[in-house]
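This report describes the architecture of a two-chain model for a reader who has the coordinates at hand.

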Amino acid sequence: MPRAKRVFDQVWPRAALVGAILLVWWAVYETGLIDPDKLPSPADVWNAFTSNLTGEDGLLPAARGSLIRLAFVLSVAVVVGTLIGFAMVASVAVQRSIGTLMTALQALPSIAWLPLAIVWFDFSERAVMFVVFIGGVPAVAIATAISIRQVPPTLTRAARTMGAKGWTLQWTVVLPACVPGYWTGLQQAWAVAWRALLAAEIIRVGAARGLGHLLEASAQDISLIIAVMGVIVVIGLAIDYGFSIVDRRIRGKRGSLVPA
Amino acid sequence: MTSSRAALSIVPEPADRPVKLSVRGVRKSYTTGSGTRIAALEDVSFDVATGEFVCLIGPSGCGKSTILSLLAGLERPDEGEVLIDGRPIVEPGPDRALLFQDPALFPWLSVRQNVEYALRLRGLGPAEIRETVDGWLAKVHLSAFADLQPHELSGGMRHRAALARALSCQPDVLLADEPFGALDAQMREILQKELQLVWTELGNTFVFVTHNVREAVFLADRVIVLSARPGTPLEEYRISTPRPRSFEDVLVAKVVLDIHEHLAKEVERATREEGLRPGLA
C-alpha cells in the first residue's frame, strides 16, 4: 500500500470525528436553544485559545508546568513501581503483602488522597507529587508483575535447557520477554498519573501554574474552560500516540502486532 | 556425503556401545490444580546407548513428556534414578539439548541471534560464534534467512531454527518432545527426513517422544511403547532397517502395523479401566 494511502486511511476517520463534533456543536449553538454563556460557539473557544496562549496565566506555560510535574513524578513512580513489581514476582510473601497493598491502593481513586495530602503537605508542590505518586506506583507495580508472570514458560524452559539460570536467565530471557506487556502497563499508568495530576491541580494544590489551576481559575470564562479541556485532551492523545509508536515497534519486530 | 551416510547406516547393537542414559525404577506423580494426585510414571526403567536413537511412544497422558523433563533435568523423580554417563541428572546441562513441540524461539531475537544464544552463554568469542552459527544455519537450510525475525519464518523453518539452536552447542544427547506435532503431514515428513540426515551425520544419542507410530519407526533404532497412565514400558521394538529409510519400506510398514495394534489394545484396556474407575478420569 502506498504511504500516502496509509496516512490517509489513518487520518480520515479522525478528521471526520473532529468535523462531526464541531458541526453538531456549531449547529446546536446556532439554534440558540442553549444560553451562549453556557455553551459558547466553536469560534469563541478558538478565540479564547489563541488569545490565552502565552502570558503569566497562559495555556502554554500551564501545559508546560503540568507536563514537567508529570514527567518528574512519573519517572520516580516508574522506578519505584517497577522494583516493587519485580519483588512481587520474586517473593510470594511480598506478593501477598505488598501486592495486596498495591491492589488496595489501585482501588482508591488518587483524588481520595487529596484531603490527607493537603493536611500533611499543605497546598504545596509536595502534595501534588504525593497524589500523583500514590496513583502511579500501584499501576506500574501491578503492570510489571503481570507482564513478568505472562512470559511464556516455553521460553524459560528452552533457555534453561540451554544452560541459562539465575540472573542470566532473568536478564537474557525474562526481561526481554516481558517488554511488550510492561510497555502496555506503562501506557495505562501514565494516564492514571495524568488524571491524578489534573485533579490535584484543580483543587489549587501546588505552587507553580498547571492546566488544572487554569481550569479552576477561569471559572468565569466558559470559552477558556473548554479551551483548557481541549488542550488536556490533545496532550493526552499526543502522549498516548507516542506510546503507541514505541508499542508498534516492539510488537512489530516480534510479530505480535494487533492491527489497529 | 552419500558414501559416509551409507557407512553409518548400519547401526550396531547397543551392547557394543556404553550406556549413555539410564532411567532406573522411576516414579513420578503430580498434584493437579484441583488437588488430585496423579501418578504420571510408575516403575519406568530403560537404558539408552551412546549414539542410539530411541523413540518413546504411548497414549496421550502416559508421561512421555515427563520422562524427557527428567532426562533434561527440568524435574526430579519422586523415586528412582535418572543417570547420564552413570552420574545422576540434577539440573539442565549443556550436554543435553531439548526440542519442544513449540519451537520456542525468542521472538525479540533474529534467527541468527537465536542460534547464537547458547553459544553466548558458553562465553565463546565472536569469531567462533559466527563460524559455528553459519555452519548450523547452512545445515538446516536457513543461511538466507539468518537476519529475519522468527515470526517471518514458516512453521517448518522455525523448527529447523530451533534444531540448529539446540544442536549449536553440540550436546551429547538430544531430547525431543513431539517436535513436529503441530506441523502438517508434508512438512512433518520433510523435517523427519532432514532430522534423519543430521542425526546420521552427528551420531548424538537421541530420545524422541511422539505419538506418531510411523514417525517413531521411521526414525528410531528402538521404539519403546509405554502404557497408558501411569506410564510404564510395555514393549520394545528394535528397528534394524538400514538408513536412510523411506516410509515405503516393507519392514518399516510391518513394525508400524504391529505397534499400532499394540497401542490400540492398550488404549482400549485403559479406557475400559477408566470406565470402571470414573473418579480417576
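## Sheets, interface and helices

In chain B, strand β6 and strand β7 (residues 173-177) are joined by four bridges and run parallel to each other. Within this pair, B:L99 is placed opposite B:A176 of β7(B). The model is a predicted one.

The pair belongs to an open sheet of six strands in chain B, ordered β6-β7-β8-β3-β9-β10, whose pairing is mixed. Its edges are formed by β6 and β10 (233-238) of chain B; each has a single partner strand, so one side of each is left without a neighbour in the sheet. On average, neighbouring strands of this sheet are turned by 15° against each other, with direction ignored.

A second open sheet in chain B consists of four strands in the order β2-β1-β4-β5, and here the pairing is antiparallel. The edge positions are taken by β2 and β5 (87-88) of chain B, and because each has a single partner strand, one side of each lacks a neighbour in the sheet. Strand β1 (residues 19-31) of chain B is connected to strand β2 (residues 37-49) of chain B through nine bridges, in antiparallel orientation. In this pairing B:S22 faces B:D47 of β2(B). Five residues lie between the strands of the β1(B)-β2(B) hairpin, and in that hairpin B:G35 adopts a positive phi near 90°. At the other end of the strand order, β4 (residues 79-84) of chain B pairs with β5(B) through two bridges, again antiparallel. B:L83 is located opposite B:P88 of β5(B). Helix α2(B) lies across β1, β2 and β4 of chain B and runs at about 120° to β1(B).

The strand pairs of chain B described above compare as follows.

| Strand pair | Sense | Bridges | Opposite residues |
|---|---|---|---|
| β1(B) and β2(B) | antiparallel | nine | B:S22 and B:D47 |
| β4(B) and β5(B) | antiparallel | two | B:L83 and B:P88 |
| β6(B) and β7(B) | parallel | four | B:L99 and B:A176 |

One loop position of chain B also deserves mention. B:G61 is found in the loop between β3 (53-57) and α2 (64-72) of chain B. It counts as partly exposed because it has 15 C-beta neighbours inside 10 Å. Between B:G61 and B:R96, which are 35 residues apart along the chain, the C-alpha separation is 24 Å.

The two chains meet through 19 residues of chain B and 16 residues of chain A. On the chain B side, the elements giving two or more residues are β6 (96-99) and α3 (111-121) of chain B. The largest share, three residues, is that of α3(B). By class, this side of chain B comprises 14 nonpolar, three polar and two charged residues.

The largest nonpolar core contains 135 residues, and A:A193 and B:V223 have the most contacts inside it. Apart from neighbours within four places in sequence, B:V223 is in contact with B:C55, B:I57, B:A216, B:V217, B:Y237, B:I239 and B:I259.

Chain A contains ten helices and zero strands. Its C-alpha trace spans about 75 × 60 × 30 Å along the principal axes. Of the 260 residues in chain A, 33% are buried. Among contacts in chain A with a separation of 6 or more, 71% involve residues 24 or more positions apart.

An individual residue illustrates such a link. A:L74 is situated in helix α3 (residues 59-90) of chain A and is buried, since 23 other C-beta atoms lie within 10 Å. A:L74 and A:G136 are separated by 62 residues in sequence but by 6.7 Å in space, C-alpha to C-alpha. Beyond its neighbours within four places in sequence, A:L74 contacts A:G136, A:W190 and A:A193.

Helix α8 (residues 166-202) of chain A packs with helix α10 (residues 222-254) of chain A at an angle of about 175°, and the axes are 9 Å apart. The two helices, α8(A) and α10(A), are therefore roughly antiparallel to each other. Residues of α8(A) in the contact include A:W183, A:W190 and A:W194, while those of α10(A) include A:F243, A:D247 and A:R251. The residues of this contact comprise eleven nonpolar, three polar and four charged.

Key: Residues numbered from 1 in each chain as written. Chains lettered and ligands numbered in written order. Predicted model: local features only at pLDDT ≥ 70, side-chain atom pairs only at ≥ 80, totals over all residues. Buried ≥ 20, exposed ≤ 12 C-beta atoms within 10 Å, placed from the backbone. Contact = placed C-beta atoms within 7 Å. Pairing = 2+ DSSP bridges. Axes fitted to C-alpha atoms, helices over the stretch in contact; angles between N-to-C directions. Nonpolar A, V, L, I, M, F, W, Y, C, P; charged D, E, K, R; others polar. Core = buried A, V, L, I, M, F, W, Y, C linked by C-beta atoms within 7 Å. Parallel < 35°, antiparallel > 145°, perpendicular 65-115°, else oblique.
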